[in-house]
Amino acid sequence: MAEPNPELFEQVVNLCKRRGFVFPSAEIYGGFRSTYDYGPVGVLMLRNVKDAWWRSIVQLRHDVVGLDASILGPPQVWEASGHLSNFTDPLVDCKECGNRFREDTLTDPTTCPNCGSKNSFTEAREFNLMFKTQAGPVEGHGADAYLRPETAQGMFINFSNVQHATRKKPPFGIAQIGKSFRNEITPGNFVFRTREFEQMELEYFVPPEDADRWYSFWCEARMQWYVDHGMRPESLRLRAHEPDELSHYSSDTSDVEFLFPWGWGELEGIANRGDFDLRQHAEHSGKSLDFFDQGEGRRYVPHVIEPAAGATRAMMAFLMDAYHEDVVNEEKRTVLKLHPRIAPFTAAVLPLSRKSELSDPSKKLFAELAEHFNTDYDETQNIGKRYRRQDEIGTPFCVTYDFDSIDDGAVTIRERDTMKQERIPLSGVATWISDRL
Ligand code: ATP
């Protein structure tokens with residue numbers, strides 16, 4: 001069984017800043033708490049995480065279609081979903097130091113963790129986690145609107161639109177990737193919990209009698225997805241919710257958890273939600289959201305299995321799991337052992353020298369590889385330093401064009417994890433790499 005490693009947290013956060021994965025947002029103005037910007041390699045990696053999810057959930061499945069719903073929504077949606085009344089945390093303020101805490105996360109509810117005062121807390125108040133704004137041109141007179149706190153409701157309210165447009169019949173799913181917003185009281189642990197984050201959600205609609213079977217299917221499939229994309233099985237577990245953790249409409253929920261440096265934490269929740277969501281929206285909107293099965297001559301409200309994952313949180317877990325330090329030639333080497341589909345760059349082209357006899361053909365090779373996958377090009381510094389840089393951002397294959405290449409038309413490919421080098425013909429590089437993806 002793997003153990004949490006508290007040091008790893010600082011190591012990964014430092015690497016993220018140094019190499020351009022994630023920067024604190026608005027840093028030159030002193031930062032804006034719990035918001036982050038994804039830098040040049042971070043944006044590539046985050047896209048790869050989302051693409052890998054989309055590929056497995058939408059592209060490779062004939063029974064799932066995609067959606068990109070709006071972020072702004074009217075209060076009716078959130079009344080029906082229960083977010084307006086239930087999506088709250090109990091908050092207390094310390095009367096001595098003024099700091100605010102989530103009551104349910106205090107280790108000692110009588111003592112302020114900031115100033116140590118005893119019995120200094122106000123009565124708990126319910127605090128809604130949704131960001132509210134006004135849509136319309138006149139300050140204070142617009143219509144109330146909310147930033148979505150999850151992408152899921154977009155799929156529920158479009159159930160009939162999508163079903164009619166695609167003629168899909170349960171079991172079928174609607175999938176979406178996009179930003180969600182929650183005014184979290186205790187954001188933190190880097191991008192684990194932020195107020196603005198990205199989700200990858202699937203709502204899979206099934207005939208009621210098949211719900212249990214599909215719930216088990218999706219629990220297994222979603223665990224496997226992380227493993228297939230390079231996460232070590234010992235860093236993952238599937239934890240079924242205890243009966244007192246379940247929401248009133250959900251018969252089963254399991255979390256895919258990852259062993260973060262501070263302990264196990266949720267990556268994704270898979271819930272058997274019954275017909276709660278479609279029924280709520282049908283009642284509140286007055287529009288039918290049921291399905292008529294012509295073959296069987298029966299009408300029913302489909303049940304929903306929901307695998308709901310965080311893209312930004314998954315990216316952080318992939319980074320933490322891939323972080324390794326080893327010693328090469330008596331020097332510390334930091335390497336991200338990321339799966340080639342998740343690593344920001346699949347390949348890097350490194351001419352041995354900046355001379356045009358090497359850099360010109362190297363740029364040609366770059367242009368060829370870049371047609372197929374994210375490719376980096378780097379001709380600064382000595383080759384050893386460039387290899388180290390690529391190791392640190394997790395590039396699985398470095399291709400070096402040297403002086404011999406001019407004569408023998410071959411290049412050296414260095415593999416990140418084993419550091420083994422292989423000489424192969426220039427014309428075969430793209431295929432050699434594709435074969436290993
Ligand atoms: P948590 O218990 O960690 O707050 P949750 O159970 O409220 O999460 P869900 O509503 O099930 O989360 O959302 C699905 C996924 O979205 C989570 O598993 C997580 O990966 C991601 N997620 C939720 N809230 C945040 C956040 N504030 N920052 C980053 N990712 C988040």
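Helix α9 (residues 311-322) comprises twelve residues and spans 16 Å from its first C-alpha to its last, close to the 16 Å expected at 1.5 Å a residue; the expected span is 1.5 Å times one less than the number of residues. Helices (H or I, at least four residues) and strands (E, at least two) are DSSP runs, numbered from the N terminus. The model is predicted: local features need pLDDT of at least 70, side-chain atom pairs count only at pLDDT 80 or more, and totals for chains, interfaces and linings use all residues. Residues are numbered from 1 along each chain as its sequence is written.

Eleven of the twelve residues of α9 are buried, a residue being buried if 20 or more other C-beta atoms, placed from the backbone, lie within 10 Å of its own, exposed if 12 or fewer, and partly exposed in between. Among the buried residues are Arg313, Met315, Phe318 and Asp321.

Leaving aside neighbours within four places in sequence, Phe318 is in contact with Val49, Met231, Leu338 and Ile342, where contact requires C-beta atoms, placed from the backbone, within 7 Å.

The C-alpha centres of domain 1 and domain 2 are 36 Å apart. Their contact takes four residues from each of domain 1 and domain 2. On the domain 1 side, α1 (6-19) and α2 (40-59) each supply at least two residues.

Around the ligand there are 16 residues, of which Phe197, Gly269, Ala308, Gly310 and Arg313 come nearest; a residue is near if its C-beta atom, placed from the backbone, lies within 6 Å. At least two residues of this shell come from each of β11 (196-206), β14 (263-274), β17 (303-310) and α9, with the largest share, four residues, from β14. The shell has four nonpolar, five polar and seven charged residues, with Ala, Val, Leu, Ile, Met, Phe, Trp, Tyr, Cys and Pro counted as nonpolar, Asp, Glu, Lys and Arg as charged, and the others, Gly among them, as polar.

The peptide bond from Pro170 to Pro171 is cis, with omega near 5°. Pro171 is in the loop between α6 (159-166) and β10 (172-181).

Definitions and conventions. Contact = placed C-beta atoms within 7 Å. Domains from an automatic or database assignment.
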